[in-house]
Amino acid sequence: MNISNYLYLSAILFTLGAVGVVVRRNAIVVFMCVELMLNAANLAFVTFSRVNGDLVGQVASFFTMVVAACEVVVGLAIIVTMYRSRRSASVDDASLLKR
Amino acid sequence: MTTSSHLVYLIALPLVSAAILLLLGRIADKWGHYVATLVSASTFAIAVIEFFSMRSRSGDARAATQDLFTWISVGSFNVHASLLLDQLSICFVLLITGVGTLIHIYSIAYMSHDHDRRRFFAYLNLFVAAMLLLVLGDSYLNLYVGWEGVGLASYLLIGFWNQKPAYAVAAKKAFVANRVGDIGLSLAIMIAFAQFGSVSFAGVKEGVPHASTAALTALGAMLLLAAAGKSAQFPLQSWLGDAMAGPTPVSALIHAATMVTAGVYLITRSNFVFDASHTAQNMVIAVGAITLLFGALVGTAKDDIKKALAASTMSQIGYMILATGLGPIGYAFAIMHLLTHGFFKAGMFLGAGSVMHGMNDEVNMRRYGAIGKVMPITAVTFGLGYLAIIGVPPFAGFYSKDKIIETAFNIGGSKGVIVGGAALLGAAITAFYMTRVIVLTFTGTKRWDDEAHPHESPALMWIPMVILAVGSIASGFLFNSGHALVKWLEPVVNASGAEEGEALLAPMTVSALALGVVAVGVAIAIVKYRTVPVEAPAGNVLTRIVRRDLLQDDFNDRVLVRPGQALTRFFVGMDKSFIDGIVRGVGGTIAVGSTNLRKIQNGYVRSYALIMVVGVLALLTTIWMVTL
Amino acid sequence: MSLVTVLELVPLLGVLGLFALPKGSTTLIKQFAIGVSVVDLVIAILMALRFDRGNSAMQFVESRNWISSFGIKYAVGIDGIALVLILMTTVLVPIVLLAGWNESENGRWSPRVYYALILVLETMMVGVFAATDVFLFYVIFEAMLIPVYFLIGGYGRGERAQAAMKFLLYSLLGGLLMLAAVIGTYVIATNQIGSTFDVTALSSLHIDSATENLLFLGFFIAFAIKAPLWPLHTWLPTAAKSATPATSVLLLGVLDKVGTYGMIRFCIALFPHAAHTFTPAIIVLSLISILYGAFLAIGQRDINGLIAFTSISHFGFITLGIFAMTSQGLTGASLYMVNHGFSTAALFLVAGWMVSRRGSSTIEDFGGLQRVTPVMAWSFFIAGMSALALPGLSSFVSEFLVLVGTFTRYPIPAIIGTTGIVLAALYVLLTVQRSLHGPTTPGNESLTDLNLREKIAIAPVIAILVIFGFFPKPITDVLNPASHEVMTHAGYEDPQPKAGK
């Protein structure tokens with residue numbers, strides 16, 4: 001099987017995630033899109049690990065997973081708090097840094 | 001050279017007295033004027049003692065010096081505070097302390113009704129100290145201290161009644177005009193130091209033979225500028241008339257007898273410079289001749305008795321300055337005229353003060369008339385001064401002024417004719433305007449209101465006037481008998497043997513000519529002022545111009561004051577709008593820029609994300625393009 | 001420990017003491033602060049007495065490692081110029097504290113903070129004149145901004161916050177340029193003689209002329225902002241109008257001298273060739289400052305603004321004297337710094353009393369004060385006479401030395417500068433006429449004259465102006481060796497008289 005197909009898939013997933021982050025308003029969905037981008041990166045890591053024949057890429061993807069897990073913990077906590085205080089999970093409502 | 005240890009008291013006594021009177025304040029009100037007068041009298045006593053001890057010495061030993069302390073010592077610039085009393089300065093010291101003491105006495109009575117008499121006497125003592133420092137300093141820088149000191153005293157005294165805005169303005173005008181002259185003195189000292197490495201009179205004299213003519217001319221021109229400022233000579237003459245705002249004794253002491261003659265002293269003291277540069281000498285002659293005519297003309301149109309006398313002072317100092325430009329012998333005659341003028345002009349000013357004292361401070365001569373009958377002593381002493389100034393023999397002015405006219409003619413050539421002619425014409429105009437003063441004030445019909453009760457002044461006032469009148473009678477004869485003053489001054493001004501030689505006009509001819517023109521001037525005045533209207537007639541254009549002091553203030557106003565004010569306004573505007581504008585502009589640009597940039601920070605996470613994506617893409621594109 | 005260090009530490013310990021004092025006793029705080037500054041003055045006088053006048057080398061030297069990896073040291077030492085400036089500082093601090101007795105009470109913070117700020121400032125002012133390590137100098141140079149910023153912004157009047165900000169930004173800009181130059185010099189030093197910031201070591205570097213010019217400019221612009229030279233002056237009038245009199249005295253009298261002092265100590269000592277290259281331009285700027293400052297002073301309606309602009313004119317004289325590079329010019333300029341300190345102090349203090357009594361700083365609002373408050377009027381008059389350099393007052397000696405020193409090398413600039421004396425007469429006498437003479441302006445009849453405390457504060461200043469007018473020798477004797485050292489190092493000699501025998 002052609003290696004570049006994995007990379008194409010990774011790129012498509014990443015783009016989908018990025019577009020999702022930019023266009024969606026629901027914080028949960030934005031969050032999941034970020035996860036999608038992270039996993040696209042993981043896919044690329046693993047692919048290159050396969051290409052190079054060593055484990056460096058695999059290790060890097062484990063790191064990403066750990067970071068992603070932490071991020072989920074912190075991120076979900078923030079979203080829940082936000083939802084509690086403003087009865088909405090829309091990221092546009094959280095534009096308090098503006099002024 | 002003799003060293004003396006008590007010259008310093010001449011300066012220290014009045015200075016300390018002034019400081020005490022000023023610092024003690026109202027406590028000294030009761031006795032301050034007596035202390036001041038006593039101090040002034042004791043300086044006169046010291047001066048007389050010094051004079052006789054000087055006469056008892058001979059040759060080079062006559063000059064006495066006293067080194068006080070090192071004043072400034074930086075690199076090769078060494079100035080000692082040291083005093084020099086030689087044949088020239090003793091003349092001034094005697095004049096200053098003598099006339100000064102008389103005027104102190106006069107002022108006790110004249111100022112008796114003034115609330116601030118103590119302050120007045122403190123200023124007078126300050127003046128005496130500064131003037132003595134001026135003539136006793138042995139270097140140009142020491143002289144400068146006295147020079148500015150008398151300027152300060154003059155400023156304080158002109159503005160003595162400074163609650164009147166016009167008087168405060170007059171004081172300021174005098175100070176500023178003097179400062180213009182001070183530029184000259186400052187630059188002269190700088191030139192002296194750059195050329196000779198010394199600023200003492202002796203050091204400069206020693207260096208003169210080695211200097212270039214251009215440098216000496218520049219030095220002379222700067223000294224002349226200084227003299228013009230202090231002595232109210234053209235073109236810095238405009239302050240003297242306004243200076244009459246001060247109390248009359250001040251006008252007599254400072255603005256007639258002593259301070260205004262400091263310019264003559266400066267030029268005489270620097271004789272070695274002027275003798276070495278004919279250009280500088282010619283400038284001196286020109287300034288003197290112009291001023292003597294200028295002052296005389298202005299004098300013809302003044303109705304204010306003090307301003308008429310001030311114009312006369314300006315004109316008489318013009319004679320002295322003219323004389324100092326006439327070479328070695330001229331200096332002696334300049335000093336002679338200076339001394340005789342000190343007597344008769346101070347006497348006349350005191351007379352004018354006496355008249356004002358009796359007339360409720362009225363100064364307009366058109367409101368006088370027939371005062372001779374009620375104030376006989378004043379009239380007689382003033383009349384003696386009058387005879388002296390117009391040059392009637394054997395009064396003082398005859399000797400001193402005729403000598404100057406004679407010497408002017410004798411410089412020869414067309415220059416001699418022009419300068420001599422100007423001096424002769426000046427004598428005629430002097431006779432005219434002084435006769436006018438006499439006629440308007442003392443003779444004719446009474447033109448004063450009945451509220452004025454003119455009365456003879458108290459003895460404290462008329463005694464000094466009488467003494468000065470005696471001086472006006474005798475001084476000229478004394479100075480001239482056996483060329484006493486010329487010989488006395490010879491070591492200072494190198495006047496030896498210069499007096500004789502091929503005279504263009506014999507002394508007798510000159511005297512006859514002078515007396516002739518004086519008679520004409522007197523006659524015209526008597527005829528013209530047989531009747532005097534109380535309100536001045538409108539007069540023709542020429543009269544009006546002369547009344548406006550030959551437009552001196554209009555000229556200064558148009559050429560200096562208004563452009564100066566415009567320049568100031570321009571600079572103030574430029575500072576606010578342009579220079580500070582640039583500063584504020586830089587700040588403003590940054591502020592506007594950040595206001596615009598802030599709009600990107602709209603708080604929407606999604607737009608931040610988008611910007612991030614765009615940024616990453618831009619970065620990648622850049623890397624891609626660079627590596628390509 | 002060197003006496004200089006003691007001099008720096010005393011005010012700092014005083015600050016600690018201030019905060020140890022019990023609350024609510026403002027008078028005690030004031031007395032304590034003045035006491036500390038007087039102790040510092042006594043130490044400074046002791047130091048001056050022990051100073052070896054004939055010696056041109058640095059004295060009271062102390063050097064300790066500070067950041068040894070960069071060769072940065074706490075290094076202090078004084079020569080004649082630094083000594084007289086430190087003396088001036090220590091004399092002025094107790095005087096302004098006494099004169100501005102009530103200034104601290106209308107501020108944003110408590111009087112305690114005010115006195116702490118001034119004492120900290122005193123430490124820094126002594127330190128900045130004594131520093132012989134360029135980095136130490138730079139740090140204090142910048143750190144001094146902080147207390148002044150708070151003194152203007154916290155205790156000033158009018159648009160004080162704005163004025164403080166303008167002052168800070170201007171100074172920071174200068175400081176930034178200087179920092180770049182300091183680093184540049186350090187890099188060159190590291191390549192040539194090893195890492196050091198010692199000013200004596202740095203003055204022996206061989207720098208190519210383009211770099212030297214740039215480094216010179218970095219220092220010079222910082223100093224030209226500090227001792228405001230046209231056209232970098234616009235912060236000064238704003239600051240002077242807003243600051244309290246005491247702050248103005250310290251700002252114009254002492255802090256601005258750091259600029260002119262820095263020109264001598266760093267610009268000329270470190271970069272003599274560049275100094276020579278830029279001399280014509282600097283002389284032109286000085287002359288513009290002299291005349292421009294005088295014209296603007298004539299045009300001022302605010303009395304504090306007027307004093308600020310006269311100072312700009314006087315700073316023109318100082319830079320003129322420095323860059324004339326003659327012993328008269330240099331000594332005259334150094335003496336001018338001291339005299340200007342005292343004469344400006346007198347002007348600002350008396351003007352401050354006038355303003356606080358009248359409640360207005362517009363010159364037209366005064367008038368006829370001579371009759372109402374004679375002592376105050378006389379004090380202002382004498383201060384004014386000092387500003388116009390009347391012979392007999394100390395400022396005359398310095399102004400004349402500057403002009404004479406300039407004339408021997410550059411006659412034309414000296415002639416132009418001399419015309420400034422007429423303008424000086426105008427701005428002083430116009431102000432005197434408007435504020436002291438004439439009829440008493442309505443509203444001024446009941447103004448009170450100076451009280452005892454104010455008289456005690458102004459008397460020493462006036463005494464100094466008069467005494468050193470006649471006996472400047474003690475100061476010039478201290479300055480002469482230092483000026484000579486500066487000139488020799490920069491490769492200059494006094495011009496010889498032209499008509500030599």
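**Ground rules**

I count two strands as paired if DSSP finds at least two bridges between them. Helices (H or I, at least four residues) and strands (E, at least two) are DSSP runs that I number from the N terminus. This is a predicted model, so local features need pLDDT of at least 70 and side-chain atom pairs count only at pLDDT 80 or more, while totals for chains, interfaces and linings use all residues. Residues are numbered from 1 along each chain as its sequence is written, and chains are lettered from A and ligands numbered from 1 in the order in which they are written.

**Entry 1: the chain C hairpin**

I started with E1(C) and E2(C), which run antiparallel and are joined by six bridges. Glu62(C) sits opposite Val76(C) of E2(C), and Asn65(C) has Lys73(C) in E2(C) as its bridge partner. Four residues lie between the strands of this hairpin, where Gly71(C) takes a positive phi near 70 degrees.

Is E2(C) enclosed or open? Six of the seven residues of E2(C), residues 72-78, are buried, so the strand is largely enclosed by the rest of the structure. My cut-offs: 20 or more other C-beta atoms within 10 Å of a residue's own is buried, 12 or fewer is exposed, in between is partly exposed, and C-beta atoms are placed from the backbone.

Most residues other than glycine have a negative phi, and most peptide bonds are trans.

Phe60(C) is not a glycine, yet I find a positive phi of about 55 degrees there. Phe60(C) belongs to strand E1 of chain C, residues 59-67. It counts as buried because 21 C-beta neighbours fall inside 10 Å.

Ala389(C) is another non-glycine with a positive phi, about 60 degrees. I located Ala389(C) in the loop between helix H16 (374-387) and helix H17 (394-409) of chain C. It has 28 other C-beta atoms within 10 Å, so Ala389(C) is buried.

Then the cis bonds. Trp230(C) and Pro231(C) are joined by a cis peptide bond with omega about 0 degrees. Pro231(C) lies in the loop between helix H9 (209-226) and helix H10 (235-242) of chain C. In chain B, the bond from Phe234(B) to Pro235(B) is cis, with omega near 5 degrees. I traced Pro235(B) to the loop between helix H8 (213-230) and helix H9 (239-242) of chain B.

**Entry 2: a helix pair in chain C**

I looked up how H5(C), residues 134-143, meets H7(C), residues 160-192: the axes come within 11 Å and cross at roughly 170 degrees. Axes here are lines fitted to C-alpha atoms, for helices over the stretch in contact, and angles run from 0 to 180 degrees between N-to-C directions. H5(C) and H7(C) are therefore roughly antiparallel to each other (under 35 degrees is roughly parallel, over 145 roughly antiparallel, 65 to 115 roughly perpendicular, the rest oblique).

From H5(C) the contact uses Val134(C), Phe135(C), Tyr138(C), Phe141(C) and Glu142(C), and from H7(C) it uses Gly175(C), Met178(C), Leu179(C), Val182(C) and Thr185(C). Contact means C-beta atoms, placed from the backbone, within 7 Å. I sort these residues into seven nonpolar, two polar and one charged. For the classes, Ala, Val, Leu, Ile, Met, Phe, Trp, Tyr, Cys and Pro are nonpolar, Asp, Glu, Lys and Arg are charged, and the others, Gly among them, are polar.

**Entry 3: chain B**

I get 25 helices and three strands in chain B. Of its 628 residues, 56% count as buried. The C-alpha trace of chain B spans about 115 × 65 × 60 Å along its principal axes. Among chain B contacts between residues at least 6 apart in sequence, 80% join residues at least 24 apart.

The three strands make an open sheet in the order E1-E2-E3, with mixed pairing. At the edges are E1 (2-3) and E3 (77-85) of chain B, each pairing on one side only. E2(B), residues 64-74, pairs with E3(B) in the antiparallel sense over nine bridges, and Asp67(B) stands opposite Ser82(B) of E3(B).

The domain assignment, automatic or from a database, gives chain B domain 1 (318-540) and domain 2 (557-627).

**Entry 4: who touches whom**

Which chains share the most contacts? Of the two pairs of chains in contact, B and C do. I also checked A against B: 10 residues of chain A are in contact with nine of chain B. No contact joins chain A and chain C, and their closest C-alpha atoms are 23 Å apart.
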